[in-house]
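Dear colleague,

I am passing on the structure below, together with some notes on what turned up when I went through it. Please read the notes with the coordinates open beside them.

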Amino acid sequence: SFIGSLASGVHVVERVGRMGGADIAIDKVMHEEVTNVAYVRSLQHVWFPKHCERTLMVYEVMKQKEHENMEWMYQLAEGARGDPNTKYNNSYSLMMAGDVEGAIKELEGYADDSSVVKLYRDRLQKAGADPALTEPVGKARPLLY
């Protein structure tokens, strides 16, 4: 038997990952474990009221971090500085907080041209006219942008 948010949300994580083209999709619990060893990008927040107090956040694992032989504190600091997804993740956080203009500005200069980023840029452009686009999927809009 499986009990808890992992068991009830695994189909949502799998579906969002598949629709977003992610090789590896994870939830917030795994995100906290993985961020020390891999680069992670926000993928989608899903309204899942029967199983979560808040929204279920889904992330995409991008690639493993490369660390030289150094102490773990230095690895953490180096990993945060060298994360190529920092602008995207900061932009996504701003969008979730309702700051669409700040999210658009933060995303400037982000060079990734993947389908997920293209969909997200399009969503931000449309969110100025329709604030519901900043809401979690399932609440005011269909799954994945």
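Predicted model: local features only at pLDDT ≥ 70, side-chain atom pairs only at ≥ 80, totals over all residues.

Gln 44 belongs to strand β2, which spans residues 38-47, and it counts as buried because its relative accessibility is 0%.

**The two sides of α5**

Helix α5 covers residues 100-107, and its buried residues include Val 100, Gly 102, Ala 103 and Leu 107. These four lie on the same side of α5, because the arc they cover around the axis is only 160°. Glu 101 and Lys 105, by contrast, are exposed on the other side of the helix. Among the elements that cover the buried residues of α5 are α4 (86-96) and α6 (115-127), while Gly 109, which follows α5, has a positive phi near 85°.

**The nonpolar core**

The largest nonpolar core holds 27 residues, of which Tyr 88, Tyr 120 and Leu 124 touch the most other members. At least two residues of this core come from each of α1 (5-20), β2, β3 (55-64), α4, α5 and α6. If neighbours within four places in sequence are left aside, Leu 124 is in contact with Ser 91 and Met 95, and also with Val 100, Ala 103, Ile 104 and Leu 107.

With best regards

Conventions: Residues numbered from 1 in each chain as written. Heavy atoms only, no water. Buried < 20%, exposed > 50% of the residue type's maximum accessible area, 1.4 Å probe, protein only. Arc of directions from axis to C-beta. Contact = heavy atoms within 4.5 Å. Core = buried A, V, L, I, M, F, W, Y, C linked by side-chain atoms within 4.5 Å.
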